[in-house]
Amino acid sequence: MNKQSAQKLPHVTTRRLHDMKSEGEKISMLTAYDYTTARILDRAGVDVILVGDSASNVFAGHNTTLPITIDQMIYHARAVVRGVQAETSRAMVVIDMPFMSYQLSSEEALRNAGKIMKENECDAVKIEGGNVIVDTVKRITDVGIPVMGHLGLIPQSIYKFGSYKVRAREEQEAEELLRDAKLLEEAGAFALVLEKIPADLAAEVTASISIPTIGIGAGGACDGQVLVINDMLGLSTEFHPRFVRRYAELDRVIFDAVSRYVDDVRGGTFPGEDESY
Ligand code: KIV
């Protein structure tokens with residue numbers, strides 16, 4: 001399908017996600033970092049595309065999400081938005097605010113959220129954290145920029161946590177998380193990612209707030225699910241936690257294709273006559 005022929009569909013909005021929760025319709029979200037993948041995701045009907053700061057890991061090869069910069073996020077975001085626009089334009093596109101682009105002050109966070117919104121035609125930003133970022137979420141949403149929250153295992157705090165283990169198993173952390181979810185809702189967040197927390201707790205959070213929850217390793221009671229595209233396509237072979245369902249083994253597919261290509265070039269069978277001018 002080319003840019004001209006793709007049939008445009010109603011764009012997924014914050015209101016639509018709210019209605020989906022009310023109607024018990026599950027929300028599908030996946031990450032994307034480039035134009036080609038975004039086109040496929042939009043064509044396949046995914047509701048929300050997250051330009052995750054996981055680009056720092058799976059695209060750039062860093063160990064954590066911390067190194068990625070705001071300009072690098074904007075570069076990825078532009079490519080993804082162009083991909084969605086080239087297809088049905090249906091998927092909502094949410095951009096992660098990278099580490100240290102919103103933590104210093106609400107003013108700085110607002111400036112950076114505004115930069116992200118102005119330099120893309122994206123729909124919303126995502127910010128990690130609870131209590132400490134509530135004022136920032138309020139400041140950003142007050143000017144009309146939709147904010148998705150993110151609680152539980154928040155990867156930008158990995159050095160504080162010291163491991164990628166399940167969060168909020170202890171009562172105190174679970175209570176804090178429940179409280180943070182309500183605070184973020186009150187501050188104006190339109191949805192919440194819940195990462196790697198017990199399924200019972202995620203179900204309790206989901207029932208206690210009116211905004212949709214999107215789980216990753218948080219069980220089936222969340223209003224939606226998100227996965228990192230490289231993980232679900234089997235592109236990252238070394239990372240296989242139990243919450244990732246692999247829908248393809250693209251590492252193997254690409255390896256086989258590239259090996260055959262190398263053999264053909266070495267053996268002089270590519271290009272053939274019908275592949276030449
Ligand atoms: O950056 C990311 O990919 C994310 C998802 C794991 C939710 O934040």
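**Exercise 1. The faces of helix α1**

Name the exposed residues on the face of α1 that is turned away from its buried side.

Solution. On that face, the exposed residues are R15 and S22. The model is a predicted one, in which local features need pLDDT of at least 70, side-chain atom pairs count only at pLDDT 80 or more, and totals for chains, interfaces and linings use all residues. Residues are numbered from 1 along each chain as its sequence is written, and side-chain values use heavy atoms, with hydrogens and water left out.

Step 1: Buried stands for under 20% relative accessible area, exposed for over 50%, and partly exposed for what lies in between, with a 1.4 Å probe and protein chains only. Helices (H or I, at least four residues) and strands (E, at least two) are DSSP runs, numbered from the N terminus.

Step 2: list the buried side. In α1 the buried residues are L17, M20 and K21.

Step 3: look down the axis. The buried residues of α1 fall within an arc of 100 degrees, so they line one face of the helix. The arc is taken over the directions from the helix axis to the C-beta atoms. An α-helix has 3.6 residues a turn, so residues three or four places apart point the same way.

**Exercise 2. The barrel and strand β2**

State how many strands close into the barrel, and in what order.

Solution. Eight strands close into a barrel in the order β1-β2-β3-β4-β5-β6-β7-β8, with parallel pairing. From one strand to the next the twist averages 25 degrees; axes are lines fitted to C-alpha atoms (for helices over the stretch in contact), and angles run from 0 to 180 degrees between N-to-C directions.

Step 1: take β2. In a regular strand the side chains alternate between the two faces of the sheet. In β2 both faces are covered, with V48 and L50 buried on one side and I49 and V51 buried on the other.

Step 2: check the partners. Three bridges pair β1 (residues 27-31) with β2 in the parallel sense, and T31 has L50 as its bridge partner. The crossover from β1 through α2 to β2 is right-handed. With β3, strand β2 pairs in the parallel sense over four bridges, V51 standing opposite I95.

**Exercise 3. Salt bridges**

Find how many salt bridges the model has by the rule that a side-chain nitrogen of Lys or Arg lies within 4 Å of a carboxyl oxygen of Asp or Glu.

Solution. Step 1: the count comes to 15.

Step 1: take D223 and K21, whose closest N and O atoms are 2.8 Å apart. D223 lies in the loop between β7 and β8 (224-227) and K21 in α1 (residues 14-22), so the pair ties together parts that are 202 residues apart in sequence. D223 is buried at 11% relative accessible area, and K21 is buried at 15%.

Step 2: D256 and R252 form a salt bridge at 3.3 Å. D256 and R252 both lie in helix α11 (residues 250-267), four residues apart, about one turn of the helix. D256 is partly exposed at 35%, as is R252 at 49%.

Terms used:
Two strands pair if DSSP finds at least two bridges between them. A crossover is right-handed if, with the strands pointing away from the viewer, the path from the first strand over the helix to the second runs clockwise.
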